[in-house]
Amino acid sequence: MQAVVINCTLKPSPEPSNTEALAEVVSAALREREVDVDMIRAVDLDLRPGVRTDMGPGDDWPAVHDKLLRSEILVIATPTWVGHPSSLAQRVIERLDAMISETDDTGRPVAYNRVAGVVNTGNEDGAHHVISEVCGALVDIGYTIPGQAWTYWHLGPGAGPDYLDDARGHEWSHKTARAMAANLVAVARALEARPMTAPPE
């Protein structure tokens, strides 16, 4: 089984990413369940604005799209900025939008029978809002969201320390991350055994 984790931090490599650190807890739990994980840091790529799979020469999204089609699991990891997912998370969602109209040989949307979840970090409250925004978009695209397929960390309300700078709350976030990974794999395996068919005409 394959998973893609798209880290939508605004920090380019090799700068440490709080969001990636928490996403790695999920990734480790997925690997324990024999899932191969590919972590992508979106800010390091040239992801052109648009809602097509290929926006022309130099666009790095087609390679990401190919990885998504080879994976059963997608995790969007995003920090909170001004109460919303990062601008890069929005860019990724906009590029995923093209998958709504892509179908396989049976007329089934290509995101069907794939599961997704969300990782969120921030030093202000708003995690549930960010999670609901991202999950709502992923459902529109065709992904299945298992129960409790998310984890987050923050010490809000208001400004505060970063995830990598303060261990408070990590125990809960990590426990939730492990549950998230278990639920993603369980539902992905269920869909593999009993796949959804193309929607009725």
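Residues are numbered from 1 along each chain as its sequence is written, and side-chain values use heavy atoms, with hydrogens and water left out. As the model is a prediction, local features need pLDDT of at least 70 and side-chain atom pairs count only at pLDDT 80 or more, while totals for chains, interfaces and linings use all residues.

Helices (H or I, at least four residues) and strands (E, at least two) are DSSP runs, numbered from the N terminus.

The largest nonpolar core has 30 residues. Such a core is a set of buried Ala, Val, Leu, Ile, Met, Phe, Trp, Tyr and Cys residues joined through side-chain atoms within 4.5 Å; buried means under 20% relative accessible area, exposed over 50%, and partly exposed in between (1.4 Å probe, protein chains only). Ile6, Leu68, Leu74, Ile76, Val92, Leu96 and Tyr143 have the most contacts inside this core. At least two of its residues come from each of S1, H2, S3, H3, strand S5 (115-121) and H4, and H4 gives the most, with 7 residues. Another core, of 25 residues, lies apart from it and includes Val37, Ala77, Met180 and Ala188. Tyr143 touches residues including Leu68, Leu74, Val115 and Leu138, where contact means heavy atoms within 4.5 Å.

In helix H3, the buried residues are Leu88, Ala89, Val92, Ile93, Arg95 and Leu96. Seen down the axis of H3, these residues fall within an arc of 160 degrees, so they line one face of the helix; the arc is that of the directions from the helix axis to the C-beta atoms. Their cover includes strand S1 (2-7), helix H2 (61-69), strand S3 (73-81), strand S4 (84-85) and helix H4 (127-141).

Arg95 belongs to H3 (residues 87-96) and has a relative accessible area of 0%. Its side chain reaches the backbone oxygen of Arg48 at 2.8 Å, a polar contact (a pair of N or O atoms within 3.5 Å; within protein, one must be able to donate a hydrogen and the other to accept it, and residues adjacent in sequence count only if both atoms are side-chain atoms). Among the other residues that Arg95 touches are Asp54, Asp59 and Trp61.

Most residues other than glycine have a negative phi, and most peptide bonds are trans. A cis peptide bond, with omega about 5 degrees, joins Ser13 and Pro14, and Pro14 is found in the loop between S1 and helix H1 (18-32). Glu34, in the loop between H1 and strand S2 (36-41), has a positive phi of about 65 degrees and is exposed at 66% relative accessibility. Val82 lies in the loop between S3 and S4; its phi is near 45 degrees, and at 72% relative accessibility Val82 is exposed.

How values were computed. Lists of a residue's contacts leave out its neighbours within four places in sequence.
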